[in-house]
2 protein chains.
Amino acid sequence: MAQEGEPALHPDVAPIAWLLGSWRGEGAGSFPTIQSFRYAEELRFWHVGKPFLAFAQRTWALEDGRPLHAESGYWRVQPGGLVELVLAEPSGLASIYEGSATADGVELVTATIVRARTAKEVTRVERSYRRSGDGMLAFTMAMAAVGQPLTHHLAAELRRTAPAG
Amino acid sequence: MAQEGEPALHPDVAPIAWLLGSWRGEGAGSFPTIQSFRYAEELRFWHVGKPFLAFAQRTWALEDGRPLHAESGYWRVQPGGLVELVLAEPSGLASIYEGSATADGVELVTATIVRARTAKEVTRVERSYRRSGDGMLAFTMAMAAVGQPLTHHLAAELRRTAPAG
């Protein structure tokens with residue numbers, strides 16, 4: 001992004017600036033309708049000087065590296081501290097999450113989920129991104145989907161692999 | 001994305017495979033509520049062997065390179081030819097578009113738009129991505145937003161800068 005130089009971080013995003021950079025790790029997934037599985041994950045957060053962080057995530061299978069999930073979007077931070085995540089997923093879901101940042105991390109819940117007509121139904125998602133020790137991030141996600149009530153789905157531990165900024 | 005090797009293109013995305021790669025160019029924007037402007041733009045499309053293309057776009061000011069718009073998401077292609085675009089924008093919008101691919105390009109219209117509570121209202125968007133001559137892409141976009149009826153908003157001409165795949 002050479003055109004952009006190195007803009008200063010927008011002060012509104014300071015509460016979530018610890019997310020900036022790249023993270024890698026492994027996780028485990030389960031849900032009543034699927035077989036439990038383990039996966040590798042990469043998260044990337046960057047900024048362009050505006051009051052949001054850009055975000056891209058992907059996961060792949062531990063055994064053969066085949067791509068599993070991906071998602072991308074933007075984390076907006078409002079002056080009062082409201083965090084809004086705008087998220088797109090290739091499974092056909094687009095979501096607006098709302099939440100807040102604390103010293104420990106960010107907690108987010110879907111305010112709205114819409115889906116492509118060919119996508120599976122997901123009615124609620126809760127996400128937690130927590131700072132866990134030195135350079136570690138703990139991610140958990142629960143969802144209500146395909147007729148199942150809100151149920152734990154994913155947990156991953158990631159380590160920072162590239163510096164913020 | 002070294003983990004992923006070089007997967008074969010999923011056959012369902014063949015109708016939009018001409019988008020793969022990177023594109024750069026310039027465009028012009030206008031809308032009844034804003035001053036007209038010109039901008040530089042980059043589009044990137046890539047795939048991981050699944051029936052969708054991943055997509056990231058950004059624009060910047062011609063005069064000083066400051067970032068303007070950005071968006072990211074996924075172009076899903078259904079076996080019958082339905083194209084679904086799942087899109088996230090840092091302006092606080094998440095959308096599902098539907099459309100179809102022809103030999104000339106892809107035409108898309110919003111099926112659903114949702115927005116963060118702090119975002120401006122956009123009620124309908126129509127997008128066209130057309131192959132225009134050798135290695136060129138013509139983009140146009142019209143939208144209904146902030147009380148204005150469907151009105152032309154953006155037109156850009158982009159040239160392929162990196163090969164497909």
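Predicted model: local features only at pLDDT ≥ 70, side-chain atom pairs only at ≥ 80, totals over all residues.
Colleague: How many strands make up the closed barrel of chain A?
Modeller: Strands here are DSSP runs of E with at least two residues, numbered from the N terminus. Two strands pair if DSSP finds at least two bridges between them. In chain A the pairing is antiparallel and runs from β1 through to β10 in a closed barrel, so defined by pairing, and the number of strands is 10.

Colleague: By what angle are neighbouring strands of this sheet turned against each other on average?
Modeller: Axes are lines fitted to C-alpha atoms, and angles run from 0 to 180 degrees between N-to-C directions. For this sheet the direction is ignored, and the average is 25°.

Colleague: How many bridges join β1 to β10 in chain A?
Modeller: Strands of a sheet pair through backbone hydrogen bonds, either parallel or antiparallel. Strand β1 covers residues 21-31 and strand β10 covers residues 148-162, and the two run antiparallel. Within this pair, E26(A) stands opposite E157(A). The number of bridges is 8.

Colleague: Which residue of β2(A) stands opposite W23(A)?
Modeller: β1(A) pairs with β2(A), residues 34-46, in the antiparallel sense over 10 bridges. These two strands form a hairpin with 2 residues between them. Opposite W23(A) stands L43(A).

Colleague: Which residue in the turn between β2(A) and β3(A) has a positive phi?
Modeller: β2(A) also pairs with β3(A), residues 52-61, in the antiparallel sense over 8 bridges. In this pair L43(A) stands opposite Q57(A). The hairpin has 5 residues between its strands, and the phi of about 95° belongs to G49(A).

Colleague: How many salt bridges are there over all chains?
Modeller: A salt bridge is a side-chain nitrogen of Lys or Arg within 4 Å of a carboxyl oxygen of Asp or Glu. R24(A), E42(A) and R58(A) are linked in a network of such bridges. The count over all chains comes to 20.

Colleague: Is R58(B), the salt-bridge partner of E42(B), buried or exposed?
Modeller: The side chains of E42(B) and R58(B) meet at 3.2 Å, N to O. E42(B) lies in β2(B) and R58(B) in β3(B), 16 residues apart. Buried means under 20% relative accessible area, exposed over 50%, and partly exposed in between (1.4 Å probe, protein chains only). E42(B) is buried, and R58(B) is also buried.

Colleague: How far apart in sequence are the parts tied together by R127(B) and E71(B)?
Modeller: The closest N and O atoms of this salt bridge are 2.8 Å apart. R127(B) is buried at 2% relative accessibility, and E71(B) is buried at 4%. R127(B) lies in β8(B), residues 122-131, and E71(B) in β4(B), residues 67-77, so the distance in sequence is 56 residues.

Colleague: Which residue of chain A does E71(B) touch?
Modeller: Contact means heavy atoms within 4.5 Å. Leaving out residues up to four places away in sequence, E71(B) touches residues of chain B including F55(B), L87(B) and Y129(B). From chain A, E71(B) touches Y74(A).

Colleague: How much area is buried between chain B and chain A?
Modeller: Buried area is the accessible area (1.4 Å probe) that two parts lose on being put together, summed over both. Here 41 residues of chain B are in contact with 41 residues of chain A. Carbon and sulfur atoms give 57% of the buried area, which is about 3200 Å².

Colleague: How many salt bridges are counted between chain B and chain A?
Modeller: R117(A) meets E98(B) at 2.6 Å, N to O. That pair crosses from the loop between β7 and β8 of chain A to strand β6 of chain B; R117(A) is exposed at 62% relative accessible area, whereas E98(B) is buried at 18%. R117(B) and E98(A) also meet at 2.6 Å, N to O. The count between the chains is 2.

How values were computed:
Residues numbered from 1 in each chain as written. Chains lettered and ligands numbered in written order. Heavy atoms only, no water. Helix = DSSP H or I, 4+ residues; strand = E, 2+ residues; numbered from the N terminus.
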